[in-house]
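Try each task before you read its solution.

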Amino acid sequence: MPLARRAAALGLLSFAGLLTELSWTRLAGLFFYGEAAYFVVTLAVAGLSLGAAVATFQPQLLRAPAQVSIAASLTLLAGTLLTLQLAGWGGIGASLAAVTPTFILLGMAFTALFASDARHAPRLYAADLLGAAAGAGLALPLFAWLGAPSGALLAATAAITAGGVLAAARRVRRLTLVGFVASLALALLPALRGVPLEPRPASWTGAKSLTLELGRGGTHLATAWGTLGRSDLVERFDGSTVMYLDGSAGSLVPTPGAAASWRDDPGRLPFEALQPRDVFIVGAGAGVEVAHALEVGATQVVAAEVNEAGAKLAADLWNQPGAGTAPDPFGDPRAGWVFDEARSVLTSLDPSWDLIATSQAVTRTVEARGLALTENGLYTVESLRTMLASLAPGGALSF
């Protein structure tokens, strides 16, 4: 088999492996909690290693990389759809069991490709790294566009394409073409139709804030995937609206019709007590702190928020009909939103803030707390020094 075909297949498989791992960290964070992402990462490494060991002790598998790649794609399709159907039933163990065969089969396919052409291992390794880089680089925009479940199905599409590239028989290549079209349609059609691939939150079995609120009579209004996770709007039984990130971190939407609810929120205390003029908000969520600042007379409010999809959901809802009046946290000229990491935003601005508020910064999504995935550098010595240095004389930092 030509080196170009082997390298192309290896790049596709590496792309599929990275995208599968990242997609499943998001699914674990959605149905369970952010700490569950640790187990997905661990399982990915362990599964690839186990697959390599199995292929080493079963040499006949080294001669069938096309069939193993196709099998990896099919198990990923089946495991993803099964996990979405279970929607948290059986706990993290059931979900990990559904994806384990995929990582093992990918490890077997990698081993078969490297072992079949040891002379060109450096070139194959270069293709492996390029595929992994593409998977990592495209993951965030894909999740923002399609969502993590569709990301996993796109990974399956890449794996079955690799099987077609490696297949010698024309009949097998035709079958992989059918599988390519089917998996691609499963990944793209729900998003293009505006219908989330995952089940509605009312059917989730996990005891997350979102499902508990729905069980108390709340109504699910809208969903949006973003680079940070999935955001959902829920109208509570009392008429107030909350934006949830990955079903757990809730942020009140300061709509006029529910002003009595969010004006009583304890997070209003520093705004009423200090009457700040210039306010910087870390983790503005759905805008409730922005509304507090505007109502007490702030002349400048900068809201830093990494969950752009959730904030836009809240902004779309804010102008709903309702009694009472309140400043628009998204449209008021005194308020400016920056969708970026708060420390980066803060260091780019003049240090003149009367109040820096950080009330919405801990989310229990996939971030670095305990056994988790990405870094949250907000509560560090360096960060606190940056925030304190950015205060105006007499300014305050609130938590």
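**Exercise 1.** Find the bridge partner of A303 in β7.

Solution. Go to β7 and look for W337, the bridge partner of A303. This is a predicted model. Now widen the view to the two strands. Strand β6 covers residues 300-304 and pairs with β7 in the parallel sense. Four bridges link β6 and β7.

**Exercise 2.** Give the strand order of the open sheet and name its edge strands.

Solution. Step one: trace the five strands in the order β7-β6-β5-β8-β9. Their pairing is parallel. Step two: look at the ends. β7 (335-338) and β9 (391-398) each have a single partner strand, so one side of each lacks a neighbour in the sheet. On average, neighbouring strands are turned by 15° against each other, direction ignored.

**Exercise 3.** Which strands do helices α11 and α14 lie across?

Solution. Start with α11, residues 288-295. Helix α11 lies across β5 (278-282), β6 and β7. Its direction is at about 175° to β6. Next take α14, residues 381-389. Helix α14 lies across β8 (353-357) and β9, at about 135° to β9.

How values were computed: Residues numbered from 1 in each chain as written. Predicted model: local features only at pLDDT ≥ 70, side-chain atom pairs only at ≥ 80, totals over all residues. Heavy atoms only, no water. Pairing = 2+ DSSP bridges. Axes fitted to C-alpha atoms, helices over the stretch in contact; angles between N-to-C directions. Contact = heavy atoms within 4.5 Å.
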